[in-house]
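Reader: Walk me through a structure, please. How do I read its features?

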Amino acid sequence: ARPSREVTTAPGEAPHRALLCAACGHEVTRPEAAFSVGGSHAHTFMNPGGFVFEIACYREAPGAVPAGPSSAEWSWFPGHVWRAALCGACRTHLGWSFRGEAAHFFGLVRERLTETSAPGEPS
C-alpha cells in the first residue's frame, strides 16, 4: 500500500507539511529544514560507481539514522565527512549525513522522499 500523503494532527494542533520516506511513509524531515550548501539547496552528484544522485540538503532529519563509519573519501562537500543516512523505520537508504567543523546536515535523495500535504491542500 502507498503511504498516505496527508498528515493527521491532534485537535488544536496546527497541520504541517512533511517529507516522508517514499518506501514506508515514515516522517523524515520538514520542508522548513531546507538548507543551502555552496549556494544551493539541491545538488546532483555522481558516486565512484557511476550512479547519479539528485539530493536536497536539510539542517535536520529526525526520521533518518546515520549508519556506518564516517568517511572523507569521495565527499561531495569539501571539509565534510559523510555517513549513510537510513530511514529510521524501514532502513531504506535515503542519502547521507554530512559533518564538518562549521555545519552538520543531511543530503537526501529527492526520489526517495515524498511530500505530504496539510489537510485541505491539494496533493
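Author: Start with a hairpin: β7 is joined to β8 through three residues. Strands here are DSSP runs of E with at least two residues, helices are runs of H or I with at least four, and both are numbered from the N terminus. This is a predicted model: local features need pLDDT of at least 70, side-chain atom pairs count only at pLDDT 80 or more, and totals for chains, interfaces and linings use all residues. Residues are numbered from 1 along each chain as its sequence is written, and side-chain values use heavy atoms, leaving out hydrogens and water.

Reader: How many bridges join β7 to β8?

Author: Strands pair if DSSP finds at least two bridges between them. Five bridges link β7 to β8 (residues 104-109), and the two run antiparallel. Phe98 faces Phe105 in β8.

Reader: Which strand is joined to β7 by seven bridges?

Author: That is β6 (residues 80-87), also antiparallel to β7. Here Arg83 stands opposite Ser97. β6 and β7 form a hairpin too, with five residues between them. In that turn, Arg91 has a positive phi of about 70 degrees.

Reader: Why is β7 said to be largely enclosed?

Author: Buried means under 20% relative accessible area, exposed over 50%, and partly exposed in between (1.4 Å probe, protein chains only). In β7 (residues 93-100), six of the eight residues are buried, so the rest of the structure largely encloses this strand. For the chain, 37% of the 123 residues are buried.

Reader: How many helices and strands are there?

Author: Zero helices and nine strands.

Reader: What order does the open sheet of three strands have?

Author: The order is β2-β1-β9, with antiparallel pairing. β2 (27-29) and β9 (113-115) are the edge strands, each pairing on one side only. Three bridges hold the antiparallel pair of β1 (residues 19-21) and β9. Leu20 sits opposite Thr114 in β9.

Reader: And side chains on a sheet?

Author: In a regular strand they alternate between the two faces of the sheet.

Reader: How many disulfides does the search find?

Author: A disulfide is a pair of cysteine sulfur atoms within 2.5 Å. The whole structure has zero. Cys24 is in none; its nearest cysteine sulfur, in Cys87, is 3.7 Å away.
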